[in-house]
Amino acid sequence: FVMPTKNDSMAIDTASLLAVSSELFNKYDIITLPESANYGCQATLNVLLYAATSHTNSLESASKDIKSKNPDLRIPSADTIFNYIKENKVEDILSSFRKMNSEIFKTMKLENDVHDIAIDFHDVPFYGDKNTPGIRGIKPKNGSLWGKSFCTLDIIGTSQLTLDVIDINGLNKNYSILMESLFKRLEIMGVKTGTAYLDKEFFNKAVISKLDELKIDFVIAAKSNQVINRELKNHQKEWGNTSTIFEYQFQQGGPSFNIVAIYDEKREKYILFATNKKAESIEKFEKTIPEEYRKRWNIETGYRVKNDFKIRTCTK
């Protein structure tokens with residue numbers, strides 16, 4: 001199940017994508033049409049899928065384009081499709097997507113393998129009224145301090161697949177509950193977890209305590225603090241600007257784990273990782289931990305690909 005980019009040379013793959021998507025969308029009722037609907041589900045999906053997989057980036061232009069190419073067909077307008085979608089609950093649509101994702105996971109024959117995963121927060125900037133429901137403060141991004149926030153769960157490595165996206169706009173970031181919920185979803189899907197890779201925002205007691213409780217191997221980009229800085233300065237006095245590993249525990253308690261401090265000679269600073277993996281040697285960790293963590297970058301590529309399939313619209 002491959003997502004092609006929007007160009008004419010990928011016409012065959014796009015046709016395959018449309019066929020598979022249409023079949024799955026119908027099977028799992030991605031949109032439930034109102035009883036008064038004047039158009040069928042297939043006609044509605046055709047416009048949505050066309051807008052997502054062609055150079056046409058909006059429902060308005062997609063509907064017009066299909067009509068111009070198929071003048072004898074009855075094609076729903078963008079307004080009609082928006083009205084159909086509004087009849088549905090977001091939770092029901094997400095539920096359908098999760099069912100489809102489980103089927104894609106099985107089709108890719110990933111069930112019996114162990115997979116490394118990446119968990120990340122993803123913010124989408126918003127430029128309207130910050131008091132709009134579902135909008136929250138985000139890290140400054142593209143000129144905005146406000147937006148929508150999502151937590152994403154991805155398989156990384158040789159196989160790449162977004163397993164789930166959780167809307168956290170109406171929630172506080174309770175890291176412990178979030179971790180438990182995410183790994184429960186993995187268990188339900190039949191995903192066998194290898195190592196979990198997370199960025200600096202997850203370097204806290206709640207996350208590491210929950211991962212320790214669930215017996216999940218992790219590599220997390222770590223933040224420096226007074227205790228870590230003191231440990232590094234003591235190391236530098238004795239050994240100079242070299243990499244090191246030392247055991248660490250948050251002052252608030254929680255499990256002990258390793259801080260892997262890789263000295264970057266170009267930037268003349270330490271790059272820090274937290275991990276509960278067994279430290280066989282500094283030399284081995286110095287090579288393997290940063291290399292493993294780089295696999296997380298696949299999700300950034302994934303975000304860019306997903307943006308190619310976003311339908312442009314003014315509706316919230």
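Is Cys 41 buried, partly exposed or exposed, and what is its relative accessible area? Cys 41 is partly exposed, because its relative accessible area is 21%, and the cut-off for buried is under 20%. Welcome to this structure, which is a predicted model. The chain has 316 residues, and 42% of them count as buried. Below is a short tour, starting with the whole chain and moving on to particular helices and residues.

**The chain as a whole**

- The chain contains 10 helices and 9 strands.
- Taken along the principal axes, the box filled by the C-alpha atoms is roughly 80 × 45 × 35 Å.
- If you look at contacts between residues at least 6 apart in sequence, 57% of them join residues at least 24 apart.
- The number of disulfides in the structure is 0.
- Cys 151 counts as buried, since its relative accessibility is 0%, whereas Cys 41 is partly exposed at 21%.

**Helix H2**

- H2 has 13 residues, and the distance from its first C-alpha to its last is 18 Å.
- That span is close to the 18 Å expected at 1.5 Å a residue.

**Where H2 meets H4**

- On the H2 side, the contact is made by Thr 44, Val 47 and Leu 48, and on the H4 side by Ile 81, Tyr 84 and Ile 85.
- By type, the residues of this contact are 5 nonpolar, 1 polar and no charged.

**Where H3 meets H4**

- Helix H3 runs over residues 59–69, and its axis and that of H4 come within 8 Å.
- These axes cross at roughly 125°, which means that H3 is oblique to H4.
- Leu 59, Glu 60 and Ser 63 of H3 meet Ala 78, Ile 81 and Phe 82 of H4.
- The residues of this contact divide into 4 nonpolar, 1 polar and 1 charged.
- Ile 81 of H4 takes part in the contact with H3, and Ile 81 is also listed in the contact with H2.

- Thr 152 sits in strand S3, which covers residues 144–156.
- Thr 152 counts as buried because its relative accessibility is 5%.
- Leaving out residues up to four places away in sequence, Thr 152 touches Ala 118, Ile 119, Asp 120, His 122, Asp 164, Val 165 and Tyr 303.
- Thr 158 is found in the loop between S3 and strand S4 (161–167).
- Thr 158 counts as exposed, because its relative accessibility is 84%.
- Thr 158 and Lys 295 are 137 residues apart in sequence, while their C-alpha atoms are 9.4 Å apart in space.

**A buried lysine**

- Lys 210 belongs to helix H7, residues 205–213.
- With a relative accessible area of 6%, Lys 210 is buried.
- Setting aside neighbours within four places in sequence, Lys 210 is in contact with Ser 176, Met 179 and Glu 180.

**Positive phi in residues other than glycine**

- Asp 29 is not a glycine, although its phi is positive at about 50°.
- Asp 29 lies in the loop between helix H1 (11–27) and H2.
- The relative accessible area of Asp 29 is 48%, so Asp 29 is partly exposed.
- Asn 142, too, is a residue other than glycine with a positive phi, here near 50°.
- The loop that holds Asn 142 is the one between strand S2 (136–141) and S3.
- Asn 142 is exposed, with a relative accessible area of 61%.

Definitions and conventions: Residues numbered from 1 in each chain as written. Predicted model: local features only at pLDDT ≥ 70, side-chain atom pairs only at ≥ 80, totals over all residues. Heavy atoms only, no water. Contact = heavy atoms within 4.5 Å. Helix = DSSP H or I, 4+ residues; strand = E, 2+ residues; numbered from the N terminus. Nonpolar A, V, L, I, M, F, W, Y, C, P; charged D, E, K, R; others polar. Expected span 1.5 Å × (residues − 1). Buried < 20%, exposed > 50% of the residue type's maximum accessible area, 1.4 Å probe, protein only. Disulfide = S-S within 2.5 Å. Axes fitted to C-alpha atoms, helices over the stretch in contact; angles between N-to-C directions. Parallel < 35°, antiparallel > 145°, perpendicular 65-115°, else oblique.
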